[in-house]
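Here's a quick walk through one model, helix by helix and then into the core. Have the viewer open and follow along.

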Amino acid sequence: MTEAWLAWWRGLAPRERLALALGGAAALLLLAWGLLWAPLQERAARLREQVARQEAEVAWMRRAAAEAARLRAAAPRTRPSGSLLGLVDRTARAAGLGQALARVQPQGEARVRVRLEGAPFDGLARWLGELAAAGLRVEELDVEREARGGEGRVRARLTLAREGTG
């Protein structure tokens with residue numbers, strides 16, 4: 001086949017050979033551009049746009065983190081006065097968990113065990129955040145989905161302690 005091709009090539013006039021060589025080179029350049037260069041340029045442009053978006057997100061996250069740190073530092077960290085049982089009962093009722101309070105049992109002066117039945121999970125999560133802001137920490141937490149009582153209801157057992165107690 002190679003010899004037949006060479007014979008055919010030699011049989012062409014010099015002007016025809018030049019035209020075919022230039023046409024073939026142009027076709028190769030167009031193929032290389034269409035299959036390699038253009039897709040690479042498009043991909044690079046998309047990546048540049050993605051990097052710009054992610055840099056903007058990082059800048060926003062840094063500003064939000066700084067604001068959160070500023071707010072956290074400015075938040076009052078007062079130690080609640082009064083009995084721990086009263087605080088737990090009062091804040092649970094304020095969080096809409098009064099019906100779910102099954103048991104509140106003291107464990108010394110600085111700890112209390114709480115059992116909730118059929119509590120709304122979202123309310124429980126908010127209440128735990130409020131307790132942390134009030135200077136209490138959760139030492140133990142066991143949460144199970146409530147089989148009856150509706151969607152989003154849980155049974156929870158937890159031990160709370162005042163911050164600074166070991």
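Let's start with L87, which sits in helix α3. This is a predicted model, so everything below is read off computed coordinates. Is L87 buried or exposed? With a relative accessible area of 4%, L87 is buried, since the cut-off for buried is under 20%. Along the chain, L87 and A134 are 47 residues apart, yet in space their C-alpha atoms are 9.2 Å from each other.

The buried residues of α3 are L84, L87, V88, T91 and A92. Why do they line one face of the helix? Looking down the axis of α3, the buried residues fall within an arc of 120°, so they share one face. There's a simple rule behind that sort of pattern: an α-helix has 3.6 residues a turn, so residues three or four places apart point the same way. On the other side of α3 you'll find R90 and A94, both exposed. And what does the buried side pack against? The partners are β1 (101-106), β2, α4, β3 (136-145) and β4. After the helix comes G96, which has a positive phi, near 85°.

R93 is also in α3, but R93 is partly exposed, because its relative accessible area is 48%. R93 and L131 are 38 residues apart in sequence, and their C-alpha atoms are 13 Å apart in space.

In soluble globular proteins, nonpolar side chains tend to be buried together. Here the largest nonpolar core has 21 residues, and those with the most contacts inside it are V88, V114, L116, L124, W127, L158 and L160. Which elements give two or more residues to this core? They are α3 (84-94), β2 (111-120), α4 (121-133) and β4 (153-162). Zoom in on V88: leaving out residues up to four places away in sequence, V88 touches V104, V112, V114, W127, L136 and L160.

Over on strand β4 there's T159. T159 counts as buried because its relative accessibility is 4%.

Two packed helices are described by the angle between their axes and the distance between the axes. For helix α1 (residues 2-10) and helix α2 (residues 14-74), the axes come within 9 Å and cross at roughly 120°. That angle makes α1 oblique to α2. Who makes the contact? From α1 it's W8, W9 and R10, and from α2 it's R17, L20 and A21. Sorted by class, that contact has four nonpolar, no polar and two charged residues.

Further along, R70 belongs to helix α2. R70 counts as partly exposed, because its relative accessibility is 46%.

| Pair | Apart in sequence | C-alpha to C-alpha |
|---|---|---|
| L87 and A134 | 47 residues | 9.2 Å |
| R93 and L131 | 38 residues | 13 Å |

Technical notes
Residues are numbered from 1 along each chain as its sequence is written. This is a predicted model: local features need pLDDT of at least 70, side-chain atom pairs count only at pLDDT 80 or more; totals for chains, interfaces and linings use all residues. Side-chain values use heavy atoms; hydrogens and water are left out. Axes are lines fitted to C-alpha atoms, for helices over the stretch in contact, and angles run from 0 to 180 degrees between N-to-C directions. Helices (H or I, at least four residues) and strands (E, at least two) are DSSP runs, numbered from the N terminus. Angles under 35 degrees count as roughly parallel, over 145 as roughly antiparallel, 65 to 115 as roughly perpendicular and the rest as oblique. Contact means heavy atoms within 4.5 Å. Ala, Val, Leu, Ile, Met, Phe, Trp, Tyr, Cys and Pro count as nonpolar, Asp, Glu, Lys and Arg as charged, and the others, Gly among them, as polar. A nonpolar core is a set of buried Ala, Val, Leu, Ile, Met, Phe, Trp, Tyr and Cys residues joined through side-chain atoms within 4.5 Å. Buried means under 20% relative accessible area, exposed over 50%, partly exposed in between (1.4 Å probe, protein chains only). The arc is that of the directions from the helix axis to the C-beta atoms.
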